[in-house]
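Visitor: I have a model open and would like to talk through it with you. Could you take my questions one at a time?

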Amino acid sequence: QVRLVESGGGSVQAGGSLTVSCAASGYINRVNCMGWFRQAPGKEREGVAGIYIGSSTKYYADSVKGRFTISQFNINNTVFLRMDSLKPDDTAMYYCAAGASGCYSASWSSERAYNVWGQGTQVTVSS
């Protein structure tokens, strides 16, 4: 079983940067796909970034491409999402997720690709 704990959320002004972390524990070797999702009030949860652990192939939503960067697992089994040039529209609860199946361009942004979720960390961007 895998457990995920997010941290690093907070408040930042538009144009600023923030990095959120996702610490994984448990059977990490069963994880093949890591994703970051976000949910703003009144909106559906959407995928923002994913990484296929085996190949380090990364995927991004069009809305964040060029501004957000997802990392591979580091030595402490932590995955990061670095967010630059933040906009008020990026305000949301950010969740990391782990999946046993691989990530592919057609599937990484679907919640069905993941079976373990963290509790979320709030990111607020003010104008």
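Visitor: To start with, is arginine 45 buried, partly exposed or exposed?

Guide: Arginine 45 is partly exposed, with a relative accessible area of 24%, where buried means under 20% relative accessible area, exposed means over 50%, and partly exposed lies in between, with a 1.4 Å probe and protein chains only. Please keep in mind that this is a predicted model, in which local features need pLDDT of at least 70 and side-chain atom pairs count only at pLDDT 80 or more, while totals for chains, interfaces and linings use all residues. Residues are numbered from 1 along each chain as its sequence is written, and side-chain values use heavy atoms, with hydrogens and water left out.

Visitor: Which residue does arginine 45 form a salt bridge with?

Guide: Arginine 45 forms a salt bridge with glutamate 111, and the closest N and O atoms are 3.2 Å apart; the term stands for a side-chain nitrogen of Lys or Arg within 4 Å of a carboxyl oxygen of Asp or Glu. Arginine 45 lies in the loop between strand 4 (33-39) and strand 5 (46-52), and glutamate 111 in the loop between strand 9 (92-99) and strand 10 (116-117), so the pair ties together parts that are 66 residues apart in sequence. Strands here are DSSP runs of E with at least two residues, numbered from the N terminus.

Visitor: And which residues are linked in a network of salt bridges?

Guide: The network links Arg38, Glu46, Arg67 and Asp90. Within it, arginine 38 and glutamate 46 have their closest N and O atoms 2.7 Å apart; arginine 38 counts as buried at 6% relative accessibility, whereas glutamate 46 is partly exposed at 34%.

Visitor: Switching to cysteines, how many disulfides does the structure hold?

Guide: The structure holds 2 disulfides, each being a pair of cysteine sulfur atoms within 2.5 Å. One of them joins cysteine 22 to cysteine 96, with an S to S distance of 2.0 Å, and this pair links distant parts of the chain, since cysteine 22 is in strand 3 and cysteine 96 in strand 9, 74 residues apart.

Visitor: What about cysteine 33, where is its partner?

Guide: Cysteine 33 is joined to cysteine 103, with an S to S distance of 1.5 Å. Cysteine 33 lies in strand 4 and cysteine 103 in the loop between strand 9 and strand 10, so the pair ties together parts that are 70 residues apart in sequence.

Notes: Helix = DSSP H or I, 4+ residues; strand = E, 2+ residues; numbered from the N terminus.
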